[in-house]
Amino acid sequence: MRTDHVIIDAQFRGPPRSGNGGYAAGIVAEGVDGAAEVTLRVPPPIGRPLTRRSDGMSSQLFDGDVLVGEGQIRDRHGNVELPTPVSLEEASEAADRFSGFDYHIFPGCFVCGPEREVGDGLRIFPGWTGPGLVAGVWTPHESFSSADGLVDNRIVWSALDCPSYFAIENSPMALLGRLTGRILRRPEPGQDLVVMGWEVDHSGRKHRNGTAIFTTEGELLASSSAIWVEVADLPLPPGE
């Protein structure tokens, strides 16, 4: 079992006082060799050291003695059927209809917050393209690249988070509970990408939705299945 320490910087927040769920899931997924199913147990704290324990098959992220999230290897990425990718033009037109431009629960979200500037946030704005289906454009900034020149794994996991949320009708307050994802190929900074989110099913307060990232030629780069849970009040990270 390997042990290391990570800090979620405030740049990578979702709600104002906790980390973006996809970014936190990406931290957990780094300890798993392959497609990973990550379950978040509490809102990920920002700005303080967290302990990660992993062995390639499973991974856990702790805030002291509190389990923040845990992941395990999965052969598949959530067993969801992928939609036919839309064109870059269609995704761009859909992004112009992004509901978050009129009202956004977390306007400073790292992934989908319209208050974030280019290079500071991902600025993925998914708008409706059909019933239960949204799409947007993502052009990763060079600031999100790793040492090998490709977009960092945690950033790709982040991009797999919010788009599926906006496929929930009327966009209720909901938090990411589980993200099962796989990355087939990491994109290059500056590359125009089509990101799609769609509804799979829902029961009560729980919604199961999917996200996929495509090149403009229709190549699948990454995909995920997410469980979103509607909440009446926003929970705080442990200790706050």
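Predicted model: local features only at pLDDT ≥ 70, side-chain atom pairs only at ≥ 80, totals over all residues.
Reader: Among contacts in the chain between residues at least 6 apart in sequence, what percentage joins residues at least 24 apart?

Author: The chain holds four helices and eleven strands, and 52% of its 240 residues count as buried. When contacts between residues at least 6 apart in sequence are taken, the share that joins residues at least 24 apart is 68%.

Reader: Which element gives the most residues to the largest nonpolar core?

Author: The largest nonpolar core has 48 residues, of which I8, V38, L122, W138, I155 and I213 touch the most other members. At least two residues of this core come from each of α1, β2 (36–40), α3, α4, β8, β9 (193–203) and β11. With six residues, the element that gives the most to this core is α1.

Reader: What is the volume of the largest pocket, and which residues are the closest to its centre?

Author: The largest pocket has a volume of about 540 Å³. Its lining is made of 36 residues, and those closest to the centre of the pocket are F106, A174, L175, L176 and W228.

Reader: Which element supplies the largest share of the lining of the largest pocket?

Author: By class, this lining has 23 nonpolar, eleven polar and two charged residues. At least two of the lining residues come from each of α4 (162–165), β8 (174–183) and β11 (220–230). The largest share, four residues, is that of β8.

Reader: Which element gives the most to the lining of the second largest pocket?

Author: The second largest pocket has a volume of about 200 Å³, and the residues that line it include G26, A29, N153, W157, G181, R182 and I183. Two or more residues of the lining are given by each of α1 (21–29), α3 (153–159) and β8. By class, the lining divides into six nonpolar, four polar and two charged residues. The element that gives the most, with three residues, is β8.

Reader: Is N170 buried or exposed, and what phi does N170 have?

Author: N170 is found in the loop between α4 and β8, and because its relative accessibility is 71%, N170 counts as exposed. Most residues other than glycine have a negative phi. N170, although not a glycine, has a positive phi of about 70 degrees.

Reader: What phi does S171 have, and what is its relative accessible area?

Author: S171 lies in the loop between α4 and β8, and although S171 is not a glycine, its phi is positive, at about 45 degrees. Since buried means under 20% relative accessible area and exposed means over 50%, S171 counts as partly exposed, with a relative accessible area of 21%.

Conventions:
Residues numbered from 1 in each chain as written. Heavy atoms only, no water. 1 Å grid on protein atoms, 1.4 Å probe; cavity = no way out; pocket = protein on both sides within 12 Å on 5 of 7 lines; lining within 4 Å. Points joined across faces, edges and corners; volume = space filled by probe spheres on them. Nonpolar A, V, L, I, M, F, W, Y, C, P; charged D, E, K, R; others polar. Core = buried A, V, L, I, M, F, W, Y, C linked by side-chain atoms within 4.5 Å. Buried < 20%, exposed > 50% of the residue type's maximum accessible area, 1.4 Å probe, protein only. Contact = heavy atoms within 4.5 Å.
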